[in-house]
Amino acid sequence: MIKFDINLIFGFIDIIVFYLLMKKFLFGRIKKVMDERKSMIQKQFDDAAETEKAAVEKLADYESRIANVESEGEQIIADAKDDAKAEYNKIIERAEADAKALKADAEKQIELDTQNAKKAAKEEIASLAMQAAEKVVGKNVSADTDSDIFDDFLKESSDE
């Protein structure tokens, strides 16, 4: 059978007293340190979650900005193409207008030159006719008569 010795009872009482002293002085401090450590770890997890949330928000913001920049770039390119096309059309219209004006001026100049050439030819013909008439008649007619004949010839030529 088992013997109960008094040392066993004192040992048991010593263990209970030691446990109570430890509980009063040591376990409270250890629990406090462990709670502080737990709250610090929880705070780090919360901070990490907030940081991750902020990073996700920034990523979404950057992605939307990139999408906006791309669409703005496409819009700028489209606007530049439209502006270039409008400028091209203006330049073509100006060039066509300038060409028409140059053509009209050239036609007027040609008409004027043609009229001057016809007039000069008529005057030359009249002069030659007067010289031929002088040779045929054999005498020089007065300057007034020459002038009258010359003017009549020119009027008849211009009427034709």
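**Before you start.** What you have open is a predicted model, in which local features need pLDDT of at least 70, side-chain atom pairs count only at pLDDT 80 or more, and totals for chains, interfaces and linings use all residues. Residues are numbered from 1 along each chain as its sequence is written, and side-chain values use heavy atoms, with hydrogens and water left out.

**Stop 1: the whole protein.** Colour by secondary structure and you will find two helices and zero strands; helices (H or I, at least four residues) and strands (E, at least two) are DSSP runs, numbered from the N terminus. Accessible areas come from the Shrake-Rupley method with a 1.4 Å probe, and for residues only the protein chains shown count as cover. Of the 160 residues, 2% count as buried. Here buried means under 20% relative accessible area, exposed over 50%, and partly exposed in between (1.4 Å probe, protein chains only).

**Stop 2: Lys 31 and Asp 35.** Select both side chains, which meet in a salt bridge at 3.9 Å, N to O. The term stands for a side-chain nitrogen of Lys or Arg within 4 Å of a carboxyl oxygen of Asp or Glu, and the structure holds four of them. Both residues belong to helix α1 (residues 6-137), where they sit four residues apart, about one turn of the helix. Lys 31 is exposed at 52%, while Asp 35 is partly exposed at 40%.

**Stop 3: Lys 43 and Asp 47.** Move along to this salt bridge, whose closest N and O atoms are 3.3 Å apart. About one helical turn separates Lys 43 and Asp 47, because they are four residues apart in helix α1. Lys 43 is exposed, at 53% relative accessible area; Asp 47, at 33%, is partly exposed.

**Stop 4: Glu 87 and Arg 94.** Another salt bridge joins these two, with 3.7 Å between the closest N and O atoms. Arg 94 is partly exposed at 48%, and Glu 87 is partly exposed at 38%.

**Stop 5: a nonpolar patch.** Finally, select Phe 12, Ile 16, Tyr 19, Leu 20, Leu 26, Phe 27, Ile 30 and Met 34: together they form a nonpolar surface patch with about 780 Å² of accessible area. Patches are made of residues with over 30% relative accessible area and no salt bridge, like charges being joined within 9 Å and nonpolar side chains (Val, Leu, Ile, Met, Phe, Trp, Tyr) within 5 Å. Zoom in on Met 34, which lies in helix α1 and is exposed at 54% relative accessibility.
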